[in-house]
Amino acid sequence: MAQLLIIYHSRTGGSQQMAEAAYEAARSECDTHLIRAADAQADHLIKADGYIFVAPENLAALSGEMKEFFDRCYYPVLGKLEGRPYAQMICAGSDGENAVRQLARIATGWRLKEVQPPMIVNTASQTKEQILAPKTINEKDLATCREVGQALAAGLALGVF
């Protein structure tokens, strides 16, 4: 059975809500695992057939904890993941584009295949108080997260990717 791995980091809850929405929808299509970036290991990546990476953008970059996951796992899986599908979801206070670019460059190094356009949820958090506050992702964006999860999982299950 195909396996989808969703790896996420979240400090204020937005990315976690997005990852959980994708996970809930994907579970009905294939074997799906949801794991925090701090707990993810190279073996998790090797066992999976596809990935969704979910993270916040912090200071116009991919969050440090998500970047640490990639730093820690990059070389142990290099040459072992080529052609596997992935999608990414970024929770940002403004545009999220730098985090998307960083993650895409890492995925390119692994020779992963982007199968859905990056999803960016803009929380419009610009003040210190807004940035540090717990986030609530709106239902429309959560529905899109579910669609991303279900579509990638269904594609894995059907052997499309």
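## Aromatic pairs

Two rings of Phe, Tyr or Trp count as a pair if their centres lie within 6.5 Å. In this predicted model, a search of the whole structure finds eight such aromatic pairs. One of them joins Tyr74 and Tyr75 edge-to-face, at 5.0 Å centre to centre and 85 degrees between the planes. Tyr74 is buried, at 19% relative accessible area. Tyr75 is exposed, at 63%.

Tyr74 also pairs with Trp110. These rings are stacked, 5.6 Å centre to centre, with 15 degrees between the planes. Tyr74 sits in helix α3 and Trp110 in the loop between α4 and β6, so the pair ties together parts 36 residues apart in sequence. Trp110 is buried, at 1% relative accessibility. Tyr74, Tyr75 and Trp110 belong to one aromatic cluster, whose other members are Tyr51, Phe53, Phe69, Phe70 and Tyr86.

## Nonpolar cores

The largest nonpolar core holds 29 residues. Ile7, Leu45, Phe53, Phe69 and Trp110 touch the most other members. Elements supplying at least two residues each include β1, β3, β5 and α4. Helix α3 gives the largest share, six residues. A second, separate core has 25 residues, among them Val121, Leu142, Val148 and Ala153.

Beyond its neighbours within four places in sequence, Ile7 contacts residues including Leu45, Phe53, Met66 and Phe69.

## Gln3 in strand β1

Gln3 is found in strand β1. Its relative accessibility is 15%, under the 20% cut-off, so Gln3 counts as buried. Neighbours within four places aside, Gln3 is in contact with Asp31, His33, His44, Lys47, Ala48, Asp49, Gly50 and Leu156.

Terms used:
Residues numbered from 1 in each chain as written. Predicted model: local features only at pLDDT ≥ 70, side-chain atom pairs only at ≥ 80, totals over all residues. Heavy atoms only, no water. Core = buried A, V, L, I, M, F, W, Y, C linked by side-chain atoms within 4.5 Å. Buried < 20%, exposed > 50% of the residue type's maximum accessible area, 1.4 Å probe, protein only. Helix = DSSP H or I, 4+ residues; strand = E, 2+ residues; numbered from the N terminus. Contact = heavy atoms within 4.5 Å. Phe/Tyr/Trp six-rings, centres within 6.5 Å; stacked < 30°, edge-to-face > 60°.
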